[in-house]
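The sequence and the structure are shown first.

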Amino acid sequence: MDWSAWARGYEKLDGPDAFAGLFAPGGRFCDPVTPWTTDVHKVATDTDKIFPDWKQRIDDIRGGDDWAVFEWTGTGTFPTEGGPGIAVVMEGATVVSVDADGKVTSWRDYLDTNQPMQQIQAGLEG
């Protein structure tokens with residue numbers, strides 16, 4: 001698996017359908033706020049609701065034939081009523097497993113959920 005090429009393609013994804021298209025039928029997703037689910041389209045839709053302009057850059061990726069671990073930096077704007085929104089930057093790591101066709105069978109994000117919450121709180125207070 002060419003993980004570098006996979007990362008560049010992932011960074012260009014746009015929208016829930018594109019994210020869900022990475023997954024094999026029955027592929028599972030989990031993060032600190034989402035228990036294991038196969039409804040990856042909902043995960044992407046929920047993310048779009050919280051951060052409509054969410055972008056994720058893969059900073060480093062390493063893996064084998066059917067797995068990879070990558071560090072990422074995500075940026076987005078948390079919407080506020082009548083304001084420009086609050087810019088948020090998050091960092092995390094992800095472990096993915098893929099099938100023989102390169103489709104994701106398992107995706108687990110690791111991140112500090114306090115990082116975005118502190119930025120949002122500071123923006124609301126400022």
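## Salt bridges

Arg62 and Asp60 form a salt bridge in which the closest N and O atoms are 3.2 Å apart. The term denotes a side-chain nitrogen of Lys or Arg within 4 Å of a carboxyl oxygen of Asp or Glu. Arg62 is exposed, at a relative accessible area of 59%, whereas Asp60 is partly exposed, at 30%. In these classes, buried means under 20% relative accessible area, exposed means over 50%, and partly exposed lies in between (1.4 Å probe, protein chains only). The model is predicted: local features need pLDDT of at least 70, side-chain atom pairs count only at pLDDT 80 or more, and totals for chains, interfaces and linings use all residues. Residues are numbered from 1 along each chain as its sequence is written, and side-chain values use heavy atoms, with hydrogens and water left out.

By the salt-bridge rule the count comes to four. Among them is the pair Arg57 and Asp59, with the closest N and O atoms 2.6 Å apart. Arg57 has a relative accessible area of 46% and is therefore partly exposed; Asp59, with 38%, is partly exposed.

## Helix α3

Helix α3 spans residues 40-50; helices (H or I, at least four residues) and strands (E, at least two) are DSSP runs, numbered from the N terminus. Within helix α3, Asp46 and Lys42 are four residues apart, so about one helical turn separates them. These two residues form a salt bridge, the closest N and O atoms being 2.7 Å apart. Asp46 is partly exposed, with a relative accessible area of 28%, and Lys42 is partly exposed, with 45%.

His41 also belongs to helix α3 and is partly exposed, at 33% relative accessible area. His41 and Ala20 are 21 residues apart in sequence, while their C-alpha atoms are 5.2 Å apart in space.

## The largest pocket

The largest pocket has a volume of about 990 Å³. On a 1 Å grid over the protein atoms alone, a pocket is an open set of points where a 1.4 Å probe fits, with protein on both sides within 12 Å along at least five of seven lines; lining residues have an atom within 4 Å of a point. Grid points are joined across faces, edges and corners, and the volume is the space filled by probe spheres set on the points.

The lining of this pocket comprises 37 residues, of which Asp31, Val43, Thr47, Phe51 and Trp54 lie nearest the centre. Helix α3 supplies the largest share of the lining, seven residues. The lining residues divide into 21 nonpolar, six polar and ten charged. In this division Ala, Val, Leu, Ile, Met, Phe, Trp, Tyr, Cys and Pro count as nonpolar, Asp, Glu, Lys and Arg as charged, and the others, Gly among them, as polar.

Trp67, Val69, Val95 and Tyr110 make a nonpolar surface patch of about 350 Å². Such a patch consists of residues with over 30% relative accessible area and no salt bridge, nonpolar side chains (Val, Leu, Ile, Met, Phe, Trp, Tyr) being joined within 5 Å. Accessible areas come from the Shrake-Rupley method with a 1.4 Å probe; for residues, only the protein chains shown count as cover. Val95 lies in strand β5 (residues 86-98) and is partly exposed, at 34% relative accessibility.

Gln115 is found in helix α4 (residues 114-125) and is partly exposed, with a relative accessible area of 22%. Gln115 and Val89 are 26 residues apart in sequence and 8.0 Å apart in space, C-alpha to C-alpha.

Definitions and conventions:
Patch = residues over 30% accessible without salt bridge, like charges linked within 9 Å, V, L, I, M, F, W, Y side chains within 5 Å.
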